[in-house]
Amino acid sequence: MTKLSTLVGVDVGGTFTDLAFFDEKTRAFRTAKVPSNRGDEAVGFIEGLKRLDAIANLGAIVHGTTVGTNALLERKGAKIGIITTPGFRDTLEMRRRDRPNTWGLWGDFEPIASREFRLEVPERTLADGTIRVAVQKADIEAACAKLIAMGAEALAIGFINAYANPANERAALEAARAVWPNAHVSASHELLPEIREFERTSTIALNAYLQPVVASYLGKLEDALAGDGFAGSFHIVQSNGGVMSTANARKFPVRTALSGPAAGVIAAAAIGRAAGYEDIVTADLGGTSFDVSLVAGGEAALAAQTTIDFGMVVRTPMIEITTIGAGGGSIAHVDKGGLLAVGPESAGSRPGPVAYAQGNTRPTLTDANIVLGRINAEKPIGGKLARLDVEAARAAIDAHIGEPLGLSPEAAAEAIIRVANAKMAGAIRLVSIERGHDPTKFTAVPFGGGGALHVGALIKDVGLKSALVPRYPGITSALGCIIADIRHDEVATVNLMLDGLDAASLAARMAETGEKARAIVAAASLQVERIDVVFELDMHYQGQTHTVGVPLPVTLEAGKVSLSEAVVRAAFETAYAKAFSRLLPGIPVKIVNLRTAAIGRRPAFDLAALAPAADASIETAARGYRKVWFDGGWHEAAIYDRLALPIDAKITGPAILEQADATIVLDPGLGARVDRFGNLIVERL
Amino acid sequence: MTTPTLDPVTFAILTGRLEQIADEMDATLYRSAFNPIIAEARDACHGLYHATTGATLVQGQRGLPIFVGAMAFAVKSVIDKVGPDGAEDGDTFIFNDPYAGGTHLNDFRLVRPLMRGGKLFAWLASVGHWLDIGGNVPGGYNPQAVESFQEGVLIPPVKLFRKGVIQQDIVDILQANTRVPRSNWGDLNGQLNALDLGEKRFHALIDEYGDGVVEAALEAASARAEALMRANIAALPDGVYSFEDYLDNDGIVDEKLTIALDLTIAGETMVLDFSRSSPACKGPVNIAKSTAVAACYVALKHVFTEVPANAGCLRPITFEISETSFLGVSAPRPVAGYTETILRMIGVVFGALAKADPSRATAAPFGTINALSVAGHRSNGERWVLFSFFGGGLGGNPASDGLNHANNPISTATMPPAEILEASYPVMFTEWGLRPESAGAGAHRGGFGAVYALEVLSEGGADVSLLGERGRYAPFGVAGGAPGALNLFHWETDDGLKSPAMASKVTGVKLTQGQEIRLQSPGGGGWGDARTRAPEAVARDVVRGLLSPETARQDYAVIVDASGLVDTKATAALRAGEAA
């Protein structure tokens, strides 16, 4: 029997599927980890659910997925057709006239839709919204017939200036839907009525590219769930960190591009908030990359767009995640000029580090951690390998780094770690200092398996206040699925001058968009405490092309928004002064875009459900000592079973805390304590 | 001062952190600039320069490549003017003198001393392309200038700030000498934002590591760049490699201009001798010697990509550039079209290096910026100026076909979207796409150029001027590859289509409402023998409508129909016959 109060978060990763179960009534919390089945993710998904409860009993499932991300990165989306304005067939391929690298002129670009799949139909809208040539139904039907005959599985319609007036796109959409054999038809104004044809076309094209893939994936999952009697609701985490219905995910799958990582950031933010840390930097160290994200005042920063790969731009609001090429598998080398570098080349997870003995002979960051005793060679994370080959790792470091630089293998390993730490520190500076935040007020929250290895060093390098290691770093994303609010974003180009602003008319437009977004959130069948509608304007001084995001201190109340020119001006000047050192009095100010978000706030998740058992003690958690290298020498480091530590336990570095899916390195000079949620708080002594 | 020891790890860390600050300065200006040539096209650069020599110490990774080479000369001109002790805390110099380490008048440099404990530690500098600085043609690209006075106003290095106080008189002079005072004022503030930020960040970093350690790291970075460059040169076979290419004309005199290079490799040193090049010319395609050196730097950096961007990499290289040639001019020779000349120089360096090392041979990129200005008045009398640069194809190379519709090697510019241009100016683009048949044939063909066509919507019509190149000398192929297509420009008149007498340079074209202009940019040159290109790859371009079956037959010896079906047998026979 379905228990409405039960909720499962499911994060399907490349290697493992992590699940987190919570019963809102009994406050029962359980986790499960099962191998992922690449290509048939439903198998692991269902298997994991069954470990938690009978599927028919579950009230809701929220899923963070990488199926969209992978299809984009591996170029495994559908065959798509594009219908566009005369003269603009090549928008996707013209890009913004960029090139892959600043230095070096090699490399070319294949757009996701080959040129013969991009058709022009007579139509034209001018920049002021005037329809110069109306689109004809027959032309759309003919274009569709041609594309269908060529085997197109999804269709994207993108007309010039559709942001200013979508009438032609709407007419084309209606005509196309009538003849297209499936539901995979979308138009640019539906997803992104914002100026800039390349970004809009790229976004809608990538959306079409993902539609059949994501629809088939969700279909398989839904069939499997139905087969097991699931009668609850099923939601997907979006890149903006909010959840949406599967119906919306099918329509706008491009909004799932960063689904999994976004869920992790949301969970880290919630864990931080509960523990009293509103300003955090999340740090996720994977095999090939290090992802950081900034959460200030409890709110994750959103970016307006991201580039998946050269020429593949997705412009929808998404959690701002900065990625650098420094992961556990990153290869260390000394270049011709004698400089030690780590990455961007990576051995990934296959063949992986030298110590995995799967064929790689060049030393990686993980090898350095193994050689210095930080990673337990006898108990590798994930449980796939029996033990790690420390000697092979040491020999590789000696040959590739130690000898060229005249360092001992241990000193060379430490150098690798310091250079990698510096790169990670650079990424943290990038998201904090560069955005005007003071890193000394921030707490690092590592998640995933590797982040906690380096978190102590990051505190020292960047000058962070502290670090908070969640009790279960490996399931942070699954936890985020449970915690995430429901969210819907809308953007529209408005192009209004601030001087003499018709505030009432803008307010009416905001109210209308706000109501629409609120209705979408209200329709999702997940319990919410309230729905907030927030507004932000993209503004600039007239003549600038970039804008600053200006959050407005107004909200939607009883279907109305109240707004004045003065309120908007004050908000603009605050935001501009924060971004740059100089205001420019006397230059007219322009409002370019209106951004609206409706957020259905979920009931607060009580993280105390994760707390250690009352009978835990430091003594039972202690696992003896091991030699670990820090700051130029070997130290006897205490080893602990992290999950067996009680609340308020205090540990002094050097120490290593181990758990099934993560290793925490506590450098000398750092201390750690367990808070009431089971988090580990690391600070300078 | 004792030299602190610099361990390899601290060096690696500081290298990254110093670059990050310069990157951040770049980003600050892009985001706060007014004119799209900085904000979108990133025609700007920031860095840290040596206190006494002006040599480049650190530069951002995203800065306009040509400035990376030129900025050292600009800082040096400030040092030369004020002497070793002439700068005080809070001073900021401003200038655009193209003969004193400049490029052309639009590029405004701001140079500020970074003082540590009352002593000069290094210089911070910012350069950005301002939209208009007076002169005969809006935007400055006057293809008919014979003196720099017709290109705009020239500002020598002067103090814009004295001890932190802005000299409003100078601002007033600048504002009075431009058609777009607001835009320039916005860009100036953007550059000041970047300098403020850089100053703050560098101080914090030096405080953290100590002056001596940072100084040692900067010196080590230069030494490393030098070592890498020497290693790269040493790997090339000794010898003299000559290459030449041409500019259509100077816009005034319709005669070709030659850029001839004799490149000598001797051990780990290189000589770039341009002595055989044409003498100074009347029109605006001259360049100053500092600009010429910067162009060579850009070319080398595109080939030896791993060499860091600092002055060390130029130490093993000698330049022979005559002051009587059009590559080493002084005031008041016109230089507004400098981009065309340096693009050709870069191609010539690629061409010579291709002979020295075929494994790195890169065919010529499209090689012109096509500076197009379309200007008029709105019905309310307000003036509008659409000014932009346009893209083309890159050259085929050992790794891949050339990139379609790319920016020039001297920049990392992105192009404003058509919708932004249509929203800002009374024009409508009727075409904005790839240009079929424009890529140089080759085993790896060049990238395709582009077609841009626009119709004037404003009642009062518009005046058009263009400064472009490659109208007569196409982007060359290498290793047996064929050249790309020539640059073409047409405008509509009541008597049909017209094109410029000087190939790609024209001013004073009058359009009435509803008339069109059409610019077709060159594709890149091809790499390798086109007859060895995979027939499927040729067929793919045919299916895509980028290559006709006739051209496929003629250039690639592939028999393919319009649907992309290859006649394998006939192709093999044709190719065998041609080889025989």
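Where in α7(A) does a kink of about 40° lie?

1. The kink is at A:L210, shortly before the proline A:P212. The bend is the angle between axes fitted to the seven residues ending at a residue and the seven starting there.

2. This is a predicted model: local features need pLDDT of at least 70, side-chain atom pairs count only at pLDDT 80 or more, and totals for chains, interfaces and linings use all residues. Residues are numbered from 1 along each chain as its sequence is written, with chains lettered from A and ligands numbered from 1 in the order written.

3. Helix α7 of chain A covers residues 197-227. Helices are DSSP runs (H or I, at least four residues) and strands likewise (E, at least two), numbered from the N terminus. The 31 residues span 44 Å from first C-alpha to last, close to the 45 Å expected at 1.5 Å a residue (1.5 Å times one less than the number of residues). A:G229 follows the helix, with a positive phi near 80°.

4. α7(A) is largely enclosed by the rest of the structure, because 23 of its 31 residues are buried (20 or more other C-beta atoms within 10 Å of their own, C-beta atoms being placed from the backbone).

5. Chain B puts 73 residues in contact with 54 residues of chain A (C-beta atoms, placed from the backbone, within 7 Å). On the chain B side, α1(B) gives the most, with 12 residues.

6. A:L155 is in contact with residues including A:I80, A:W180 and A:A208, leaving aside neighbours within four places in sequence.

Definitions and conventions
Contact = placed C-beta atoms within 7 Å. Buried ≥ 20, exposed ≤ 12 C-beta atoms within 10 Å, placed from the backbone.
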